[in-house]
Amino acid sequence: MSVLHIGDFQEQCLDSATLSALARRQSAVPLRRAGALAELVIAGVAACLAGEPARSTMVLWGSRTGARAAGIRVVTDVVIARESPFPFDFLATQPILAAIPLQQSFPCIESVLYQPWTGDAAMHWQRMRMLAAVFLQAGRHARVLCGQVEPGEREHLGRWQMLET
């Protein structure tokens, strides 16, 4: 059994303009309808992988409020502002859509899994680390990036940790 190495946390706190520019610069594909949720995932993964060798990678991530806030924004546009949403606005709120630009931008990423938030931050991180350890011990990946992203009105926060064998 190989030893599991848990890296230090990498934290990001970005304003909207900086986040959008950073995510678009890191993405190999156009981010047409991507919101702050997907942008945070791309920026966080890019920061974690900067200078790292290409090795089989899995990304596990979650958000306490991100998916709900994106969904509420679409509903608000329809109900309150009486604006017709673009055909793919609702789809763009779905967290797993971050997997598409991640896998196209970072060829080492083989799996991306969104972990729904269950309330307690400590339990969420423990669950992600345990799942990462299982994938690593089984030899399915050489490293796993675990992250929590929280889009805000003015500041967007990301917290990431790399686990590897």
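**Close-up views of the predicted model**

**View 1. Arg143, with a relative accessibility of 1%, counts as buried.** The structure shown in this and the following views is a predicted model. The side chain of Arg143 meets that of Glu52 in a salt bridge, with an N to O distance of 3.8 Å. Arg143 belongs to strand β5, whereas Glu52 is in the loop between α2 and β3, so this pair ties together parts that are 91 residues apart in sequence. In contrast to buried Arg143, Glu52 is partly exposed, its relative accessible area being 35%.

**View 2. Arg55 and Glu164 form a salt bridge.** The closest N and O atoms of the two side chains are 2.9 Å apart. Arg55 lies in the loop between α2 and β3 and Glu164 in strand β6, so parts 109 residues apart in sequence are tied together by the pair. Arg55 counts as partly exposed at 25% relative accessibility, while Glu164 counts as buried at 15%.

View 3. Glu11 in strand β2 and Arg159 in strand β6 are 148 residues apart, and the pair links distant parts of the chain. Glu11 counts as exposed at 59% relative accessibility, and Arg159 as partly exposed at 30%.

**View 4. The structure contains two aromatic pairs.** In one of them, the ring centres of Phe9 and Trp125 are 5.0 Å apart and the planes stand at 90 degrees, so the pair is edge-to-face. Phe9 is located in the loop between β1 and β2, and Trp125 in helix α6, 116 residues apart. Phe9 counts as partly exposed, at 31% relative accessibility; Trp125 is buried, at 4%. The pair of Trp61 and Tyr114 is also edge-to-face, with 4.9 Å from centre to centre and 65 degrees between the planes. Trp61 in strand β3 and Tyr114 in strand β4 are 53 residues apart, and both are buried.

**View 5. The largest nonpolar core comprises 29 residues.** Val45, Val59, Trp61, Leu102, Ile109 and Trp160 touch the most other members. Two or more residues each come from α1, α2, β3, α5, β4, β5 and β6, and the largest share, ten residues, comes from α2. Beyond its neighbours within four places in sequence, Val59 is in contact with Val45, Leu102, Ile109, Ser111, Val112, Leu113, Leu145 and Trp160. Another core, of ten residues, lies apart from this one and includes Met128, Ala132, Phe135 and Val144.

**View 6. Leu40 of helix α2 is buried at 0% relative accessibility.** With neighbours within four places in sequence left aside, the contacts of Leu40 are Gln12, Leu19, Val149, Glu150, Pro151, His156, Leu157, Gly158 and Trp160. Of these, His156 is 116 residues away in sequence, with a C-alpha to C-alpha distance of 7.4 Å. Across the protein chain, residues 24 or more positions apart account for 70% of the contacts with a separation of 6 or more.

Conventions. Residues numbered from 1 in each chain as written. Predicted model: local features only at pLDDT ≥ 70, side-chain atom pairs only at ≥ 80, totals over all residues. Heavy atoms only, no water. Core = buried A, V, L, I, M, F, W, Y, C linked by side-chain atoms within 4.5 Å. Buried < 20%, exposed > 50% of the residue type's maximum accessible area, 1.4 Å probe, protein only. Helix = DSSP H or I, 4+ residues; strand = E, 2+ residues; numbered from the N terminus. Contact = heavy atoms within 4.5 Å. Phe/Tyr/Trp six-rings, centres within 6.5 Å; stacked < 30°, edge-to-face > 60°. Salt bridge = Lys/Arg side-chain N within 4 Å of Asp/Glu carboxyl O.
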